[in-house]
Amino acid sequence: MKSKLRLLSILAGAVFAPEVEAQEQTSADSARVNLPPVTVTATRQSTSLFTVPLAVTMIGSNQLETRRGYSLDEALTNVPGVFAQSRYGASDIRLTIRGFGARGAGDRSNAGTSRGVRVLIDGIPETEPDGRTAFDMVDLAAVSSIEVVRSNASALWGNAGGGVIALRTVPNFSESFASVQQMAGSYGFRRTAVRGAADLGSSMLGVTFTNTVQDGYRAHADSRRFYANATLTSQLRAGTELGIFASAANDLFHIPGPLTMAEATTKPRMANATYAARDERRYNRVGKIGVSLNHSPTGASSVAGMVFVNPKLLQRSERGTFRDFNRYHLGGNLVYRAPYDLKPGVTANTVVGADRAYQDGSILFYGLSSTNTRGTDLRDNKAEGALNTGVFAQEQIAFGAWGADLGARWDEIRYDYRSFINPKLNVEKKFSRVSPKIGINYRAGPTQSFYANVGGGVEAPAGNETDPASTFGQDTVSAINPLLDPIHSTTYEAGTRQVFPVSGSFLSSLSYDVALYHTDVTNEIIPYRGGRFYFTAGKARRQGAELGAALNGTNDLEVAGSVTMSRNNYIEYTVDSVHYGRPGKLADYAGNKIAGVPPLFYGLTIARSISEAIPVRVQVSARGTGEYFVDDANAVNVPGYHTFAAAVSTSHGIRVGNVVARPFLSIENLTDERFIGSAFVNPDVVSGVPVAFEPGAGRAFVFSVSIGSH
């Protein structure tokens, strides 16, 4: 297995990004690269990828064609720095970028949510004001492109120390189309996707509907989701564009829970007996509608605004209680952009704006009935309000091949917790912080750049993390944990990216993306007992190197991948070991490795068409991680693993008249490897044995055929 890892590490590079095609044109003494424009918008303005002093990965819809499309992790396997885990194959993924978000690997209110990374769909935040993100309304069938900002992005987005993932569902098309896709596969997987887009003259309409069900690899891991998405973009007049975005999801997934290592090794398909007995599950019904308006009065400067409303009906069976959440999430933003000349050869661009988002609603806890439905005994009745206000400004200056970005953002996050059973617990608390950022970029050529940046990050504790620890009866005087403060971080980063032609071989272009980072973190929030309560580590440090490459050649040859190496340690961290049954003792974890963050992980994909005469495309891929710890004492570890996959599809579809059929067959975990797909951080220990491990799925087949008018 070590030889496999060594071979894959040599072959692996980074990202499909930048996703560009390089075309070599030669003359007697020169070669140059002609590229379509590659622009980034997750930086709150449209700018060239080669002038952004940040680590950014671009993912196109063509990279998702042979995927199931059910969960976001399928799109991120080749993005360096991004560690995405599918717990049970549904939308309940765990997402970590450069170590941010690792604490989301737990039990309490963590199933299917992430921390520390801001997720946007068509510019509308899926991330709630307290920093939690659920993935109910992320369906890759509707996605036309993804931008991943791996750098610290708090200076632009606030609660985003781990970066930004921005998905776009507005379809890219030159003429109207409609298609129907049907999938079927192992473990009861069935999926129908209907897509369509229409050119309405000055307006463009796109719609997507999906219905997905699966039994799941493990017992008590079945899920289903119905999803609908619609986008309408309209050019109202010259310089004014209106966008209307609507989506909804009906999402149910059952939770089989963690196992001991012995159970995960010998009976990986079993469910945790307690989880199964309580029928632990999540049933989320969510909707969203947003309206954006972008106006450019002078053709250069612009004003953009957006408002949204996001109602949520959430029900779950969790830890012996039935929980009803009726929430509403609403907000908007306003951004002004103004480019101008400072003097000949020196240009500037000012971006200023503000965000505001609010979430509130009732939360009712009941006992479980004999059939694991809502009981009649009301155990808690409360409301948790969160208001996030942010104001930001950024100045970009370009002079020759050089560029500089200087920006800062002020954020305030206010919590308002109310108990309708015990009003004495009512409390308000707010956190505020200024996050600065400075970056420089040097463009060595049209498709090569070097950059460096330093910036501050902020991440407020999420709603469930602010709850006081009920274990052992402590902290019962307030509805908000008084021990937690926001995470503060400072990141130093340097990197380079390039695309260039390769002449005289079967290759046509090669691109690479390299980034080095060093992050110092204060008040790292740590889950304990599977996420039932949280402590704060004084200081932590993360250092890493991200490397990648993508190459293109003849017969549609594509090779792309990523490898990430990191070192993550606690610098100052002392824990009261009363939580381990040793009152009065302290555990000092300074120097230990941070739980939940692997020091090595990689992804690699190779695809090629057989020939022009045989229009069949074959794709093979590999991914894996090194060993990592899941507890602060560094006594419980997850073994490293390597899995392989393959897919066969048509190169350009099978056309009959105006109808095109696109079939594919994919096989995940080709060698039927037994591995740990995800694990709880600082898990429960039962009779001296940690219950932490969630086995990954075995070999799985998926067959799909899509029939459309394009």
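**Contacts, burial and rings**

Colleague: Which residues does Gln 394 touch, not counting residues up to four places away in sequence?

Modeller: This is a predicted model, in which local features need pLDDT of at least 70, side-chain atom pairs count only at pLDDT 80 or more, and totals for chains, interfaces and linings use all residues. A contact means heavy atoms within 4.5 Å. With those sequence neighbours left out, the residues that Gln 394 touches are Gln 45, Leu 156, Asn 349, Thr 350, Val 351, Asp 405, Leu 406 and Gly 407.

Colleague: Is Gln 394 buried or exposed?

Modeller: Gln 394 belongs to strand β23 (residues 374-399); a strand is a DSSP run of E, at least two residues, numbered from the N terminus. Buried means under 20% relative accessible area, exposed over 50%, and partly exposed in between, using a 1.4 Å probe and protein chains only. The relative accessible area of Gln 394 is 13%, so the residue is buried.

Colleague: How are the rings of Tyr 187 and Tyr 217 arranged?

Modeller: Rings of Phe, Tyr and Trp (its six-membered ring) pair if their centres lie within 6.5 Å; planes under 30 degrees apart are stacked, over 60 edge-to-face, and the rest tilted. This rule gives 14 aromatic pairs. For Tyr 187 and Tyr 217, the centres are 5.3 Å apart and the planes at 75°, so the pair is edge-to-face.

Colleague: Which residue has its charged end over the ring of Phe 100?

Modeller: A charge counts as over a ring if NZ of Lys or CZ of Arg is within 6 Å of the ring centre and within 35 degrees of the ring normal. Sitting 4.2 Å from the ring centre of Phe 100 is the charged end of Arg 542.

Methods:
Residues are numbered from 1 along each chain as its sequence is written. Side-chain values use heavy atoms; hydrogens and water are left out. Helices (H or I, at least four residues) and strands (E, at least two) are DSSP runs, numbered from the N terminus.
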